[in-house]
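Biologist: I would like to learn how to read a protein structure, one feature at a time. Could we go through this one together?

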Amino acid sequence: MKSRHILLAGAVALALSACGNSSAPAESTAPADTAPAAEAPAAAPAEAAPAPAAATKPAMVENCATTLESNDAMQYNADSITVPASCTQFTINLKHVGTMAANVMGHNVVVAKADDMAGIAADGAADAVNHVKADDARVIAHTKIIGGGESTSVTFDVAKIKDGGPFKFFCSFPGHLALMQGSIQVQ
């Protein structure tokens, strides 16, 4: 029984170190002959993707425009856009720096209220070309879907994102929303 506890303590320490928890002790500090109160069941895998952390990669904004890059790893190169309050119109240029075709790893940029993202993506799944439902009133702006090596852009009225947010930008290609999103605000 004693060796079982030692093995369990070692497995826990190894698991914690693999998770990057540098504050966890490398060895168990509990006495070897102390039995645990109850063995905890293994944690179930998370159903949904974790919420994005605070903005860590702001987009460069110049002359009321920004360029976002997307890639074959389902990523944007920025997770936040701050639109200057002096802008009346704002342009998002999207460049797909990957190599995969639009029907396989296509990307777009959709701007909407954060609360509307899931519904827009779900309704857009029926549109096999743009992945945005035609005339969806929840969509503030969107680009077309592009594949590797392609570029596109969209320009919209800044007044549409000044009040009533928070607002987000995201990719509506099926399955991309969990990884490809960021905040957009006027400041």
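Biologist: How far apart are the closest N and O atoms in the salt bridge of Arg138 with Asp136?

Modeller: They are 2.7 Å apart. Keep in mind that this is a predicted model. A salt bridge needs a side-chain nitrogen of Lys or Arg within 4 Å of a carboxyl oxygen of Asp or Glu, and Arg138 and Asp136 form one.

Biologist: How many salt bridges does a search of the whole structure find?

Modeller: The search finds two. In the other one, Arg138 forms a salt bridge with Asp123, and the closest N and O atoms are 2.6 Å apart. Arg138 lies in the loop between helix H3 (117–124) and strand S6 (139–142), while Asp123 lies in helix H3, so the pair ties together parts that are 15 residues apart in sequence.

Biologist: What share of the residues counts as buried in the chain?

Modeller: Of its 187 residues, 33% count as buried. As for the surface, the chain exposes about 11,100 Å², and carbon and sulfur atoms supply 57% of that area.

Biologist: Next, the secondary structure. How many helices and strands are there in the chain?

Modeller: There are three helices and nine strands. Read from the N terminus, the order of the elements is α-β-β-β-β-α-β-α-β-β-β-β.

Biologist: What is the order of the strands in the open sheet of four?

Modeller: The general idea is that strands of a sheet pair through backbone hydrogen bonds, either parallel or antiparallel. In this structure, the open sheet has the order S1-S2-S4-S7, with mixed pairing. Strand S1 (61–62) and strand S7 (151–157) stand at the edges with a single partner strand each, so one side of each has no neighbour in the sheet.

Biologist: How many bridges join S1 to S2?

Modeller: Two bridges join S1 to strand S2 (residues 65–70), and the strands run antiparallel.

Biologist: Which strands pair with S5?

Modeller: Strand S5 (residues 110–113) pairs with S6 in the antiparallel sense over three bridges. Val110 stands opposite His142 in S6. S5 is also joined to S8 by four bridges, again antiparallel. There, Lys113 has Phe167 in S8 as its bridge partner.

Biologist: Now the backbone angles. Where is Asn63, and what is its phi?

Modeller: The general idea is that most residues other than glycine have a negative phi, and most peptide bonds are trans. Asn63 lies in the loop between S1 and S2, and its phi is near 55°, a positive value in a residue other than glycine. Met74 also has a positive phi, near 55°. Met74 is found in the loop between S2 and strand S3 (80–83).

Biologist: Are Asn63 and Met74 buried or exposed?

Modeller: Asn63 is exposed, with a relative accessible area of 71%, whereas Met74 is buried, at 19%.

Biologist: What is the peptide bond from Gly165 to Pro166, and where is Pro166 found?

Modeller: That bond is cis, with omega near 10°. Pro166 is found in the loop between S7 and strand S8 (167–170).

Key: Residues numbered from 1 in each chain as written. Predicted model: local features only at pLDDT ≥ 70, side-chain atom pairs only at ≥ 80, totals over all residues. Heavy atoms only, no water. Pairing = 2+ DSSP bridges. Buried < 20%, exposed > 50% of the residue type's maximum accessible area, 1.4 Å probe, protein only. Areas by Shrake-Rupley, 256 points an atom, 1.4 Å probe, with all protein chains shown as cover.
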